[in-house]
Amino acid sequence: MKYKAITAIAALLALPMSAQAGPDDDKLVINGEIEMVTKTAAPAHLQDAMDEVMSGWHFRSDETQAMEADDFDNPGMVFVEKALGAWETAEGSEGKSCADCHGAVEDMAGVKATYPKWNEEAGGVRTLQMQMNACRTERMGAEAWKYDAGAAIEMEAMLSSVSRGMPVNVAIDGPAQATWEKGKELYYTRTGQLDLSCASCHEENYGNMIRADHLSQGQINGFPTYRLKNAKLNGVHSRFKGCIRDTRAETYSPGSDEFVALELYVTSRGNGLSVEGPSVRN
């Protein structure tokens with residue numbers, strides 16, 4: 001009976017994939033002035049798999065696309081406003097704020113585009129949220145934020161917002177290469193009762209429909225993203241967790257080594273696309 005149930009689920013997932021609903025050719029310009037690169041040639045390390053990379057924005061409805069194009073309509077910007085206050089607020093035993101070390105938020109333009117990245121002092125790859133928490137614990141004497149939640153995801157959204165329009169450009173060579181290779185292996189490994197990998201949906205079936213949703217390439221240049229489904233900001237590790245859970249597999253935790261590696265690899269698949277977060281998705 002258990003085998004039959006699994007087979008039935010797999011069949012339900014497979015049937016809608018025959019429906020075609022390809023990406024559109026619309027142009028994304030935020031607030032009428034920030035021109036976004038949402039389609040571009042695939043980076044060299046991806047050219048054996050696809051010729052062009054596309055933002056998930058192209059796979060959404062006109063109504064959802066329009067929400068992202070105007071900050072007054074983008075519900076993710078409410079959380080950016082909250083983070084602006086936190087940026088100026090002193091915390092911890094050192095009595096410092098983010099602004100005390102880094103200056104104005106606008107001075108952080110371009111930072112989001114390079115993360116995850118190798119950190120020599122830490123001896124490993126750090127995501128932007130990991131770097132933020134290192135600042136809090138090592139420089140401010142404050143408690144670390146919970147990963148992909150609350151203040152952490154709001155601050156990442158704010159740092160992304162000041163980099164919008166700048167090209168994603170994460171380094172995958174040198175000391176970061178081993179982590180990138182680990183992430184690539186995770187991306188292509190089939191898991192769970194449904195025997196699916198990231199590539200099964202986002203490389204082999206993007207543009208198709210699954211359970212009334214439109215499969216994108218799974219690019220993460222728009223994260224953090226405001227999802228209409230759960231009406232909140234979502235981090236990429238939380239989205240990884242949800243995808244793996246959907247394959248009926250045991251998943252990893254946000255901030256784990258596995259998800260750090262997967263974030264580096266998946267981010268690199270979108271090198272050349274514009275930083276877009278906080279984006280709006282279904």
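Because the model is predicted, local features need pLDDT of at least 70, side-chain atom pairs count only at pLDDT 80 or more, and totals for chains, interfaces and linings use all residues. Residues are numbered from 1 along each chain as its sequence is written, and side-chain values use heavy atoms, with hydrogens and water left out.

A cis peptide bond joins Tyr115 to Pro116, with omega near 5°. Pro116 is located in the loop that runs between helix α4 (98–102) and strand β5 (117–119); helices (H or I, at least four residues) and strands (E, at least two) are DSSP runs, numbered from the N terminus. The bond from Gly277 to Pro278 is likewise cis, and its omega is near 0°. Pro278 is placed in the loop between α10 (257–269) and β11 (279–281).

Positive phi values occur at two residues other than glycine, Asn31 and Asp148. For Asn31, phi is near 55°, and the residue belongs to the loop between β1 (29–30) and β2 (34–35). Asn31 is partly exposed, its relative accessible area being 31%; buried means under 20% relative accessible area, exposed over 50%, and partly exposed in between (1.4 Å probe, protein chains only). For Asp148, phi is about 60°. This residue lies in the loop between α5 (128–140) and α6 (150–161), and Asp148 counts as buried because its relative accessibility is 9%.
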